[in-house]
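Here is a friendly briefing to read alongside the structure. Have a look at the fold first, and then go through the points below by topic.

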Amino acid sequence: MATNTSALKTFAQQTRAKLISLITTKMQFVLNGDTAELRGYEREIGELRKQIAEKTEKIVIEEVAYTWFNRVMALRFMDANGYNAPMVVTPAEGHIRPEILQDAMGGSIDDALMLTAEEKVLPEAKLYRKLLVAVCNKQMSQSMPFLFEHISDYTELLLPDDLLSDQSFVTDIRHGMTDEDCQNVELMGWLYQFYITDRKADAEIKKSKKGGLKSDEQAAATQLFTPHWIVRYMVENSLGRIWMTLHPDSHLMESMPYYIPTPEGQSDTIPEDIHSAKDIRFLDPCMGSGHILVYAFDLFCKMYEEEGEQAKDIPALILENNLFGIDIDRRCYQLASFALTMKARAYYRRFLRHTVIPKVIALETIDHDTIDSAGTWGQKSLMWQFENIDTIGSLLKVTPEECATIRVEESSLFGIRQKLLKTQAEYLSRKYHCVVTNPPYLGKGMGDALKKYIVDLNSATL
């Protein structure tokens, strides 16, 4: 990535510290204040108290801080690439206010944002706050629900008040992500790795503690951005090789500098069920921020072009048929989904009007007692593994036969959890033609659940 990673690292770490400080202060105001501004938010404040009781105040603050960093970072990326009209965090040339606010002050507000007459005439600081939240809730949540899920809860309440001054975190993000930086979607992965530097260091210290690392600590400890040349080498000599075997005269090789041709006198074989680009299933089982999937997207585009597909159809075809990703870190799932969506938008400018959600998932734990009580699952051993899936990850072995036994009762009280179980089992049991990843290197610090699973797995294969 041709950019100043040192400057990005400083920016990400300083912005994280600022956000945590601001949200800590705002949380104390929300929890202890008694003002007209807070009246009517009793439900949201009650949910905030509940989350603090369940997770601790520190974790809730960290979650909210990253939520707003992630969303404003994504909006800035889209501004810089001309995907937002008007721009949401970036001023138009010759102005100092974000373009969306500048337009609103002049009386131009998109009806889709659904601001009331009273909100439209608020002072500019409060108006911009309303605009920012409305963009997330009313616009982006439709095309990118993985990153902009509806936030009419305590997350909105804890959004810092200062969003416009030179000292605001929004200004920091606008300056920290230059237009040049934003020309490469890899930027998102770099920023996430830099953002969690402190968490990664803390996890390294905790590796020697009894019981090993927890899921979130394991995710931070193993987060590593794969250099682009390594990504290209792996993808070109796996996915690229499948295509070159299927189409020996393909021009794709001209776009693969790290491709190693099959030695003369040898031949490659490909699965019999592959007849066209649409048939190839590509998986990154430890996808991180999606760097490998993003490059595979590029190669798939060229494959479909060679087959004569229309440009407007290619991004949807790739996301519907070809690319799959798995991770234990929900933040990585969000970033990978966003990166693939941005690749699709860069390829076809109208893609965001009718998006296809990328087929990537963050593995979530499932309480086997919840599923068992519904009477739909009896294989306790497999359910124990799903209960610890946030540390076992894609190492979990699930057969198609086991997956087929999972029934989803839509009308059941437990239907949502059953559907999650079924989806995760399908991803883990499905057969893929091409599996490419940079395995997470944990070393010591393995948690008890992961350690037990590996010991049992090794015993079963001896």
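By class, the lining of the largest cavity is made up of four nonpolar, four polar and one charged residues. This is a predicted model, and it holds one cavity of 30 Å³ or more.

**The cavity**

- The space in the largest cavity comes to about 60 Å³.
- Its lining consists of Val 185, Glu 186, Gly 189, Phe 225, Ser 289, Gly 290, His 291, Val 294 and Ala 339.

**The largest pocket**

- The volume of the largest pocket is about 1700 Å³. It is lined by 45 residues, and Lys 55, Ile 59, Glu 63, Asp 216 and Arg 331 are the closest to its centre.
- Two or more lining residues come from each of helix H2 (42-55), helix H3 (57-80), helix H7 (154-157), helix H10 (197-206), helix H11 (215-221) and helix H16 (330-347).
- With nine residues, H3 gives the most to the lining of the largest pocket.
- Sorted by class, the lining of the largest pocket has 24 charged, 11 nonpolar and 10 polar residues.

**The second largest pocket**

- The second largest pocket contains about 1000 Å³ of space.
- Of the 50 residues that line the second largest pocket, Pro 285, Cys 286, Ser 394, Pro 439 and Pro 440 lie nearest its centre.
- At least two lining residues of the second largest pocket come from each of H11, strand E1 (282-284), helix H14 (291-306), strand E2 (323-327), helix H19 (389-392), helix H21 (415-429) and helix H22 (448-461).
- The lining of the second largest pocket divides into 28 nonpolar, 16 polar and six charged residues.

**Helix H16**

- H16 is built from 18 residues and spans 26 Å from its first C-alpha to its last, close to the 26 Å expected at 1.5 Å a residue.
- Most of H16 is covered, with 15 of its 18 residues buried.
- Where H16 starts, the backbone nitrogen of Arg 331 has a side-chain oxygen of Asp 329 within 2.9 Å. Arg 331 is also among the residues closest to the centre of the largest pocket.

**The sheet**

- Four strands form an open sheet in the order E3-E2-E1-E4, and their pairing is parallel. Strand E3 (360-362) and strand E4 (434-435) are at the edges with a single partner strand each, so one side of each has no neighbour in the sheet.
- Three bridges join E1 and E2 in the parallel sense, and Asp 284 stands opposite Gly 325 in E2.
- E2 and E3 also pair in the parallel sense over three bridges, and here Asp 327 stands opposite Ala 362 in E3.
- How many of the five residues of E2 are buried? The count is five of five, so to speak a mostly covered strand.
- From E2, Leu 323, Gly 325 and Asp 327 point one way, while Phe 324 and Ile 326 point the other way, and all are buried.

**Phe 297 in helix H14**

- Phe 297 belongs to helix H14. Is this residue, Phe 297, buried or exposed? Its relative accessible area is 1%, so Phe 297 counts as buried.
- Phe 297 and Leu 319 are 22 residues apart along the chain, and their C-alpha atoms are separated by 8.5 Å.

**Backbone details in the loops**

- Ala 85 and Pro 86 are joined by a cis peptide bond, with omega about 0 degrees. Pro 86 sits in the loop between H3 and helix H4 (99-105).
- Thr 56 is a residue other than glycine with a positive phi, near 95 degrees. Thr 56 is placed in the loop between H2 and H3, and a relative accessible area of 42% makes this residue partly exposed.
- Met 114 is not a glycine either, yet its phi is positive at about 60 degrees. Met 114 lies in the loop between H4 and helix H5 (117-120); with a relative accessible area of 59%, Met 114 is exposed.

Note on methods:
Residues numbered from 1 in each chain as written. Predicted model: local features only at pLDDT ≥ 70, side-chain atom pairs only at ≥ 80, totals over all residues. Heavy atoms only, no water. 1 Å grid on protein atoms, 1.4 Å probe; cavity = no way out; pocket = protein on both sides within 12 Å on 5 of 7 lines; lining within 4 Å. Points joined across faces, edges and corners; volume = space filled by probe spheres on them. Nonpolar A, V, L, I, M, F, W, Y, C, P; charged D, E, K, R; others polar. Expected span 1.5 Å × (residues − 1). Buried < 20%, exposed > 50% of the residue type's maximum accessible area, 1.4 Å probe, protein only. Polar contact = N/O pair within 3.5 Å; in protein donor to acceptor, adjacent residues only side chain to side chain. Pairing = 2+ DSSP bridges.
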